[in-house]
Amino acid sequence: CTNLDEKVYSETTTKTFYSSAEEVTANYLKPYTRLYVTSSLAHWICGELSSDCAAWTQKGKHGYDGGKWQQLHYHTWTPEHHEIKGAWNNTYQAIGYCNEFLNNIESVDVSNMNLPVSIEQMKAEMRALRAYHYYLLVDNFRDVPVVTKVGEPRSPEPLAAADVIQFIEDEIAAVINDLPVKGDASAYGHFTKAAAHMLLAKVYLNSEVYTGTARWQDCINEVDKIQGYTMVADWKEPFKARNENCDENIFVIPFEESKITGFYHHAFMMHYSHQHGFNLQYMPWNGIVVQPDHYRSFDAADTRLEQFLVGPQFDQDGNPLLGVEEAKDEPLVLTVDITSMTNSREDEGARSVKYEVVVGEAWELNNDYVIWRYTDALMMKAEALVRLSKAADALPIVNDVRERAFGNADHNYNEATLTLDEFLAERGREFSFEGHRRQDLVRFGKFGEAWWDKKPTAGKEVFPYPLTATDNNPNLSN
Amino acid sequence: QSQKVNVKLNNASLKEALEVLKTQSDLNFIYNNDLVNDNSQVTINATNKEISEVLQILLNQKGLDYRIVDNNVIIYPVSASANQGQDNTGQMAQQQLVVSGLVTDDTGEPLPGVNVFEKANSANGVITGVDGTYKIEVGSEDAVLTFSFIGFQAQDVNVAGRPSIDITLVEESIGLQEVVAVGYGIQKKTEVTSSIAKVTADNFNKGFATNALQSIEGKVAGLQIVRTAGTDPNASPRVRLRGTSSLNATSDPLIIIDGITGGDISSVAPEDIESMDVLRDGSAAAIYGTRGTNGVIIITTKKGATGDLKVEYSGYVSTEDAVALPNVLSADEYRAYGDATGINYVDGGANTNWSEEIIRKNVSHVHNVSFSGGNQKLSYRASVNYRNLEGIVINTGQEYLNGRINLTHKGYDDRLKVQLNMSSTIIDKDYTSYSAFDMAAILNPTQPVKNSDGTYWQPSGYGEFNPVASLEQERRGGKEKNSQMSLRADFEVFDNFTLSGFGAIDVRDLLEHEYDEIGSRSSETGGYLGRAKQKTWHNYKKMFEGTANYKKVINSHVLTLLGGYSYEGRSYEEFWAENKDFISDAQKYHDLSAGSGLADGRAAMDSYKQTEKLIAFFGRFTYSYESKYLFSATVRREGSSKFGENNKWATFPAVSAGWRIVEEDFLSDTDWLNELKLRVGYGVTGNIVGSPYLSIPRMGAGGLYVLNGQYIKSYGSTTNPNPYLKWETKKETNIGVDYGFFNNRLSGSVDVYQRKTSDLLWNLVAQVPPMIHNEVLSNIGEINNQGVELALNTKILNNGVWNVGLDATFSYNKNKLVSLSDDTFQFQAVNYEDLPAPGQLGTIFRYEEGHPIGSFYGYKYKGLTENGEWIFEDFDGEEGITDADRTFLGNGNPKINLSFSPYVNVKGVDFSMNFRGAFGFDILNVNKMYYGNPLWYPGNMLRSASSSPVNADPQYSDYYLEKGDFLKLDNITLGYTLPKKWLFGLDYTRVYFSALNVATFTNYSGLDPELELGARAGVDQRGFYPRTTTYTLGLNVKF
């Protein structure tokens, strides 16, 4: 009559889990289900909204949201910033799930289990995915604690960025031969050998920023190891609703309506009335707009301008869409110009629809979110070549990208015109709204400059540790 | 009576003998002083004799007899005696008016032994006989007769020439006989040593109530009962005792209904309640251990009495008037404002008052019929309660049907007593929509409710909808069924030693439904063609308690011991399913399979189950000496399955002591003092974890992910487990005084308390890394509450014709979050509770050490620029207004609560009023913040907005904070009890009229200053239920 043991029904306890191939597989897939939070949300929001590309402006009474978007734009965030906290917590949560699998699987006898992929591949993917998330942490916070066990150690101390990079390199070296390769049945949506090379290439490209030591040639070497991918003919193809089989995409988050959900960038960007324009099954939020200077950085002949909605907006029958707030019942005309970050109207600002929005779309997009694509790898190599004073070798790569965008060679660069500034600008155009902009601006030393409504800032290249992390870990402080 | 006593007295006074019997039994003695206070003496030598036998021996010596009603021994002379005073035949010779009559108590029972004397000549007196009758000769036709009897209010009656006068005496509200529920037992009020407030049915608020707790609103000092949702028939009031003592755990008191803990207040009809005892301080509540911190409300339902079958009916009819609706522009004013300012607006051509469109003239009616009766062995009470509460908002209401049977049977020489209680309730609920009134305030008043084609007009703004269409086309409701059954057996194994067993089942089920019609706004914005959902939950609880009681009397020393074991097991299961895309609205939610959404992967379902156990051992020891020096100690050792394995069990001790100063010899001559008792108590109570399983590592299903072309369910840990999880601990010290002066015309209590809650349950920020999840429910920090409570009952006039008095309560509470830190966690501050869209203007509150719970935190308003733009105080010195410029602005929890209820009863007419007030708090006027701003236009806005100096989008600052102080005339009741001669055999008939929420005196400019308490206190939200004045016509009949 004094037994107080708990009995669970709707869940199971960790003690009894891992008893079948299905349970082991289910836990191995868990960290992947957090990718959209760490990558297409947290990292993307902090990276794009603090850059010269995107902004979540205040439109009339909408869009203030506690000031967090303005703080990102003006670089006036504090350790209490909600999205920065999200970038920390969510990334470490994904790492925690990788650790959970790697820790618990040690004591599980899988020899009699008919696993869908080998246990070595599972462990390799978990360690590589964990390394990827440490790369995101280094990019956002630089010196961060590295933990490989759930719950241990208490109050971990931050490691110097160079040591975290070393950890990433060691981990990838240890597992790369067990990772799946393009063409394997298990490769889609998983961390492949090519993704591992891309991860190292990203690390080396930014090595000077992260550690003080430039490693341009290492970057080139890693890009050269990425096999089986191409720059496809149509720049729109990697972002189509059905982009599963696009040969340009190296690492994607597979999204599938009503199955794998959580991708709704179009809801951030589209106007409320675009619900009627695209017969959407929800009302978008009219949040994120294109900064005027970013829009104007495109040449009028650049077909990549087609990724923006601008001007009068219509429904599928050609009737004008109407405003609902400051432009209530007036025809909706999206302007390139925006009054200011803090004071604009519902119809100010172009909108990015790089990811194809299908008419009649449900709340969730079907398009796979592209974390890395081969054109990025090529442009990274080109940049490394430029930095190694081999611009001539870089030119064909960059001009391939230009020709794809313009449909002709009229806008190609030559050695004189391909300056570093121009290189940064071209990366901005090619990778508009893809979540790389903050990293690029930092690497080119431009993150502190003034743009649009933002004044010059200094020392904001690294986000502060969130207050919640420093509150509860005496070994962490800003 | 089967109680046995030991009495050895030689030549003692009868009064002394009765005192000894009183300390050895739970009986009260009611007698006329003159009968007992003579100089003759009694002798008795009784060992282990039944008290009835002893009484017989004692009283026979004095020519007296007795009768026992409940626990009261009424002593009276064997025969009605006239002229027991001095000889007054001389005066009689002059005036020969003989008055006779019957004296009864308020239940109609004859009262023997009542002293009846002439006021001007107290020597001329008689005592009523065994049948309650008297006969007295008085000096003049204008003589005044006084009827007095211990335990009852004395009455003076002018004879006015009448030869026959029947009198009903009313019991003293603080009578000697009053007993109080103390948890696993009862105690005489005079012997209680902790802070317990009792409210009996006589003192309940009368008239319309959506909930039984409304019956004691304003009746108990320190207990705040707030109608945060007005008269919404499906809403429960917020109940808070002695401030906010928790952050993440519940702040609701433990409600015990006829022994069933955690009872649902909706399972008992107000009309069936006999009394509510509120255990306020730690020393009183500690015997309820992990659930005692927020106080305990013990509800006792009415039981059958011995006697003939009695039938009682009470019922009323009510209707409401909405008295507080947002004062927005009318259609014409809306057009005029647009024309005058040149701001574009759409003129829909109609004149719509949106608020009026969603309210209606409602009629609610409530009926309660009860039957009771029995004999010495078996008594019962059975009742049926029907309530049809029609909300003032269209399609909102509740139909309620409750049946209850209470049965008591005694046997085996009255050594065994069995009590059976059964209650069953069905409730059919139509929920309302609070956001409908927000929409009603802001929609364009020139737009019609319906378009010319008969469809509902719908606005185009983000999140906006037509509230009439919503209430008609997006219906929400539920059917609740709950039943309770309990069986209690008390067996007196040997004298003064009783074993008791109590078992109970409490089952509650709810079946809820939602249906959005095909043409509804939800269907349009959600992208579906109709959506249906059903949800059900099943809550099952079983209880067992075993207790043993022992009592030992050694001369004037009385000791009692209680020991017990308690087991409670609860299981909760939930299931819901939905479907979308219907062809027709005809079947609504009654045929989920009719939709095609499931096949298209657009429907969802879920189920859930949890169980929990609570096991306790408890004991109480009391000691009293001469009923003058009182001591009590309790302890509860309790374990919960919800606690971590390292902290499964907790101990909750309490001690309290009382000193009845009034019994001291040095006060024996002070007739004006009826009660003076000092109480000091200290007790430790707990507050339990809300959800089970938080201490153990769990794996749960997550989203799908792709592998080898298949979509596979993922699994991962769901929380950071905390094996050290335990209860919140509250340590409370209470010092109190009970007082009664001038024949208890002035009585009440004063309590001062200090309560420290430590090991607060708090979703602590977890160390990420190395933990996986952001938070871990932990025990950390401390909150202090301290305060004063006063209760005052006065009887200003009580002369048999006029009965005038005033009851009042006052409480003051001060709250502070002392700490939220420990060795590794250094708490800075947490901002919480986002302001609503549009704009999401940041968080409203902040937790910070050293500040009270519910502190508003934002910009400090400094002024406006010439253009009407905001100027805030710039505290941080950095350019511009930043997060660091925010500061503490105020607090939404009232520091002071008071209530007072004057009443007048005269010649069958009763009139009472109930005032309630709260002071010392601030309100954030969210409505003014959003649509009190001229930039809100062309959304409709408050009339005051058109003259507002503000010309900028709203920002959260103390510009929108207002003083919330208010005094409410909450209830007026006027009743008339018909004279018996009109009743054609009915025992009692009273008709009354009452009005609820009659007037609010406040400087607050918003709708109603009576708002949420606690961590989110004082926010006048955009979504609300309209406050109303309720008018009620009622009838009570007994026969």
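Two residues are taken to be in contact if their C-beta atoms, placed from the backbone, lie within 7 Å. Helices (H or I, at least four residues) and strands (E, at least two) are DSSP runs numbered from the N terminus. The model is predicted, and local features need pLDDT of at least 70, side-chain atom pairs count only at pLDDT 80 or more, while totals for chains, interfaces and linings use all residues. Residues are numbered from 1 along each chain as its sequence is written, and chains are lettered from A and ligands numbered from 1 in the order in which they are written.

**Exercise 1. Describe the sheet that β1(A) forms with β35(B) and β36(B).**

Solution. Begin with the order, which is β1(A)-β35(B)-β36(B) in an open sheet of three strands with antiparallel pairing; two strands pair if DSSP finds at least two bridges between them. Next, take each pair in turn: β1(A) is joined to β35(B), residues 698–707, by two bridges in the antiparallel sense, and here T13(A) stands opposite R698(B). Between β35(B) and β36(B) there are seven antiparallel bridges, with L704(B) opposite K713(B). Finally, the edge strands are β1 of chain A and β36 (710–717) of chain B, each of which pairs on one side only.

**Exercise 2. Find how α1(A) lies relative to β35 and β36 of chain B.**

Solution. The helix α1(A) lies across both strands, and runs at about 80° to β36(B), where axes are lines fitted to C-alpha atoms, for helices over the stretch in contact, and angles run from 0 to 180 degrees between N-to-C directions.

**Exercise 3. State which residues and elements make up the side of chain A that touches chain B.**

Solution. The contact takes 76 residues from chain A and 69 residues from chain B. At least two residues each come from β1 (12–13), α1 (21–29), α4 (82–105) and α17 (467–471) of chain A, and α4(A) gives the most, with seven residues.

**Exercise 4. Work out how α9(A) and α13(A) pack.**

Solution. Helix α9 (residues 216–224) and helix α13 (residues 374–387) of chain A pack at an angle of about 150°, and their axes are 9 Å apart. The two helices are therefore roughly antiparallel to each other, a term used for angles over 145 degrees. Among the residues that meet are W216(A) and I220(A) in α9(A), and M380(A) and L385(A) in α13(A). The residues of this contact divide into eight nonpolar, no polar and two charged.

Terms used
Angles under 35 degrees count as roughly parallel, over 145 as roughly antiparallel, 65 to 115 as roughly perpendicular and the rest as oblique. Ala, Val, Leu, Ile, Met, Phe, Trp, Tyr, Cys and Pro count as nonpolar, Asp, Glu, Lys and Arg as charged, and the others, Gly among them, as polar.
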